[in-house]
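Colleague: Could you take me through the aromatic contacts and the strand loops here, with the cut-offs behind each term?

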Amino acid sequence: MRLENEAPQTQFETEVENILVENGYDKKDIQFRDNDRYLRVGYWRYLSDKALDQLAPYIKEVVDMYDDDCGTLWFYRLNH
C-alpha cells in the first residue's frame, strides 16, 4: 500500500503509472519514492518484459539488489 507522498506528483509519473495499470499492475502497488523519485512496484517486484518495453523511454536504469532474507529486489531510476 502506498503512502500519499508515493503517489504520482507530476505528469511524467502519472504517465508511468498509467502504463503500469494498463499492464495489470495495481495503483496501490506503484510507488514513487525518495527525493529522486525512483519507481518501486509491489515488494520490489521485477516488471514484466512488456511493461519494461513500454516504459523504456521513462526508465534510466533498472537496479537490482540482493537481500539475504528476500532475494533479489528491483527498483527503477526514472528519466525525470
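**Aromatic rings and loops**

Modeller: By the pairing rule, the count comes to five aromatic pairs, where rings of Phe, Tyr and Trp (its six-membered ring) pair if their centres lie within 6.5 Å, and planes under 30 degrees apart count as stacked, over 60 as edge-to-face and the rest as tilted. The rings of Y38 and W44 have centres 6.4 Å apart and planes at 20 degrees, so this pair is stacked. This is a predicted model, in which local features need pLDDT of at least 70, side-chain atom pairs count only at pLDDT 80 or more, and totals for chains, interfaces and linings use all residues. Residues are numbered from 1 along each chain as its sequence is written, and side-chain values use heavy atoms, with hydrogens and water left out.

Colleague: Which residue lies over the face of W44?

Modeller: A charge sits over a ring if NZ of Lys or CZ of Arg is within 6 Å of the ring centre and within 35 degrees of the ring normal. At 4.6 Å from the ring centre of W44, the residue is R40.

Colleague: Is R37 buried or exposed?

Modeller: Buried means under 20% relative accessible area, exposed over 50%, and partly exposed in between (1.4 Å probe, protein chains only). R37 lies in the loop between β1 and β2, strands being DSSP runs of E with at least two residues, numbered from the N terminus. With a relative accessible area of 12%, R37 is buried.

Note on methods:
Helix = DSSP H or I, 4+ residues; strand = E, 2+ residues; numbered from the N terminus.
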